[in-house]
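Look through the sequence and the model before reading on.

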Amino acid sequence: MNTKDTGRVIALGFFDGVHTGHGALLSLCAQRAKELGAVPSAFTFDTHPSALILKSPVPLLTTPADRADLMRRYYGIQDVIIGHYDERMMKTPWQDFVTGLLVGEHKAVHLVAGHDFHFGYKGEGNPQKLKALCEELGIGCDIVPKVEQEGITVSSTYIRTLIAQGEMARAVRFLGHPHTLTDTVSHGKKLGSTLGFPTVNLHFPSGVLVPAHGVYVTRVVFANGESRPAVTNVGVRPTVDDGDAVTVEGFILHFDGDLYGQTIRVEFYDYLRGERKFDTLEELRAEVMRNARQTEDFFTA
Ligand SMILES: Cc1cc2nc3c(=O)[nH]c(=O)nc-3n(C[C@H](O)[C@H](O)[C@H](O)COP(=O)(O)O)c2cc1C
Ligand SMILES: Nc1ncnc2c1ncn2[C@@H]1O[C@H](COP(=O)(O)OP(=O)(O)OP(=O)(O)O)[C@@H](O)[C@H]1O
């Protein structure tokens, strides 16, 4: 993208999940970019800073690619800069992050950050300092006030707890869109077809949060943009498997075709039930058919 002449308006944060709080920043970023004739952009990192600073990995709601895709589709962010978070980045003073990286390298003409945005070495940068520095540099800066919903401050941390507990419908309200996983379809055991419900098999990449094991109302979006309702199991399939490998298996309704090797997006809308060990495959089959009808009803209601 040629930003040499136009420059970028850059929204700042990690943006895991791209929730409604992030949405406030991203919408404003798109609006300012339009006013300035600049490219609406966002800056995120490949690794969550806490993973390095606190040395404890944070299981994320989204991969960097899903984050970028959500920001583009829902908020019109054209350019998502994915910075590499390492020791060097951690030790970068907040002023250098702004002047060297955002303005110098990425041609920022305007920045947008949230009310509690702390950044740079030891988190010494904050919204007040950012605003003052932007004034000095002669570029614009917006600080977005806190977004609350249902009396709660919207945050990635809160939404992670919801998804880990299977509270998917509530998570979707706080995200402002369905929870998303994009992956390439891999081969399963092919048992599903003989049981009357062929499935696509996906995996959560390492570092991405696995929702509570159970069955979900989902929609599968194909590479060509078409989509179909699907009922999806997340878990270890105790009826047919002894292992503890977690799979994501979707039975796509009203569809037959080979999707092996294709990249698809699964959108999670609601939680139907926990994963169970059935005594017979026939009982499993009957339950999956019931869950398929519930999924159909969800989208036709
Ligand atoms: C909607 C749905 C619900 C499922 N629920 C369970 C379950 O509760 N317990 C279980 O052991 N397996 C469950 N499964 C996994 C099935 O055991 C698995 O899809 C089937 O054995 C076919 O596997 P395959 O695709 O590897 O051939 C579910 C699968 C789907 C699609
Ligand atoms: N509820 C909110 N209202 C307004 N701005 C927000 C809200 N949540 C986050 N932001 C802003 O969005 C940007 C990205 O924030 P960040 O990625 O840290 O999200 P977060 O939800 O606060 O994450 P965490 O739960 O890890 O604290 C920051 O500038 C932050 O201040």
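Predicted model: local features only at pLDDT ≥ 70, side-chain atom pairs only at ≥ 80, totals over all residues.

Residues are numbered from 1 along each chain as its sequence is written, while chains are lettered from A and ligands numbered from 1 in the order in which they are written.

**Confidence**

- The chain has an average pLDDT of 94 (pLDDT is the predictor's confidence in each residue, from 0 to 100).
- A pLDDT of at least 70 is reached by 98% of the residues.
- The model's ipTM is 0.89 and its pTM is 0.94.

**The shell around ligand 2**

- There are 22 residues around ligand 2 (a residue is near a molecule or strand if its C-beta atom, placed from the backbone, lies within 6 Å of it).
- Gly 13, Phe 14, Gly 21, Gly 114 and Thr 157 come nearest.
- Helix 1 (20-36), strand 4 (108-114) and helix 7 (156-164) each supply at least two shell residues. Helices (H or I, at least four residues) and strands (E, at least two) are DSSP runs, numbered from the N terminus.
- Helix 1 gives the most, with 4 residues.
- By class, the shell has 10 nonpolar, 9 polar and 3 charged residues. Ala, Val, Leu, Ile, Met, Phe, Trp, Tyr, Cys and Pro count as nonpolar, Asp, Glu, Lys and Arg as charged, and the others, Gly among them, as polar.

**Helix 7 and helix 8**

- Helix 7 packs against helix 8 (residues 168-175) at about 155°, with the axes 8 Å apart. Axes are lines fitted to C-alpha atoms, for helices over the stretch in contact, and angles run from 0 to 180 degrees between N-to-C directions.
- That angle makes the two helices roughly antiparallel (under 35 degrees counts as roughly parallel, over 145 as roughly antiparallel, 65 to 115 as roughly perpendicular and the rest as oblique).
- Tyr 158, Ile 159, Leu 162 and Ile 163 in helix 7 meet Met 168, Arg 170, Ala 171, Phe 174 and Leu 175 in helix 8 (contact means C-beta atoms, placed from the backbone, within 7 Å).
- This contact of helix 7 with helix 8 has 8 nonpolar, no polar and 1 charged residues.

**Helix 1 and helix 3**

- The axes of helix 1 and helix 3 (residues 64-75) come within 10 Å and cross at roughly 60°.
- The two helices are therefore oblique to each other.
- From helix 1, Gly 23, Leu 26, Ser 27 and Ala 30 meet Met 71, Tyr 74 and Tyr 75 of helix 3.
- Their contact holds 5 nonpolar, 2 polar and no charged residues.

**Helix 5 and helix 6**

- Helix 5 (residues 94-105) and helix 6 (residues 127-137) have axes that come within 11 Å and cross at roughly 45°.
- That makes helix 5 oblique to helix 6.
- Trp 94, Gln 95, Val 98, Thr 99 and Val 103 in helix 5 meet Lys 129, Leu 130, Leu 133 and Leu 137 in helix 6.

Terms used: Contact = placed C-beta atoms within 7 Å.
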